[in-house]
Amino acid sequence: MKMNYFDYRKQKRVFTEEKAYLKWVPATQNFEILLESQHKKLYAIAILNQSLKVMSEAFAAKDNQKALVEIQNTISQIKNLYPEAKDADVEKLVVSATDYADDLTQLIKNKRNKN
């Protein structure tokens, strides 16, 4: 990718060039630019972090069902964004989120069985 623009602060034309490689994504049957992949990874991490915040607030308020729904929706959203989560960082976060969802499900079942 090549770009040029006039930098008014420097009072000169600036030329930049960056290589962006394409990667075939079987899940989408399309090419994806690797830079786009990095942005998606950062977006996925931000979504998961926000979800963990909402989930922990719901859990602290003793609304386990809301916490569970939040984390389940987020896992689905990440899987849609990253259909082939081959990135180790994203995989690790999805596994952690799935563990939280499993734990919350068990907690809700245990509370129902006590009643």
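**Figure 1. The largest nonpolar core of this predicted model has 17 residues.** A nonpolar core is a set of buried Ala, Val, Leu, Ile, Met, Phe, Trp, Tyr and Cys residues joined through side-chain atoms within 4.5 Å. Buried means under 20% relative accessible area, exposed means over 50%, and partly exposed lies in between (1.4 Å probe, protein chains only). Leu 68, Ile 71, Ile 78, Val 90 and Leu 104 have the most contacts inside the core. At least two core residues come from each of helix 1 (34–60), helix 2 (64–81) and helix 3, and helix 3 gives the most, with 6 residues. Helices (H or I, at least four residues) and strands (E, at least two) are DSSP runs, numbered from the N terminus. In soluble globular proteins, nonpolar side chains tend to be buried together.

The model is predicted: local features need pLDDT of at least 70, side-chain atom pairs count only at pLDDT 80 or more, and totals for chains, interfaces and linings use all residues. Residues are numbered from 1 along each chain as its sequence is written, and side-chain values use heavy atoms, leaving out hydrogens and water.

**Figure 2. Helix 3 has 27 residues.** From first C-alpha to last, helix 3 reaches 39 Å, close to the expected 39 Å; the expected span is 1.5 Å times one less than the number of residues. Val 90, Val 94, Ala 97, Ala 101, Leu 104 and Ile 108 are buried in this helix. Asp 99, also in helix 3, is partly exposed at 40% relative accessible area. Asp 99 lies 28 residues from Ile 71 in sequence, and their C-alpha atoms are 10.0 Å apart.

**Figure 3. Lys 53 and Glu 57 form a salt bridge.** A salt bridge is a side-chain nitrogen of Lys or Arg within 4 Å of a carboxyl oxygen of Asp or Glu. Here the closest N and O atoms are 2.7 Å apart. The two residues are separated by about one helical turn, because they are 4 residues apart in helix 1. Lys 53 is partly exposed at 43% relative accessibility, and Glu 57 is partly exposed at 44%.

**Figure 4. Strand 1 (residues 2–7) and strand 2 (residues 12–17) run antiparallel.** They are joined by 6 bridges; two strands pair if DSSP finds at least two bridges between them. Phe 6 has Arg 13 as its bridge partner in strand 2. The hairpin has 4 residues between the strands, and Gln 11 takes a positive phi near 55°.
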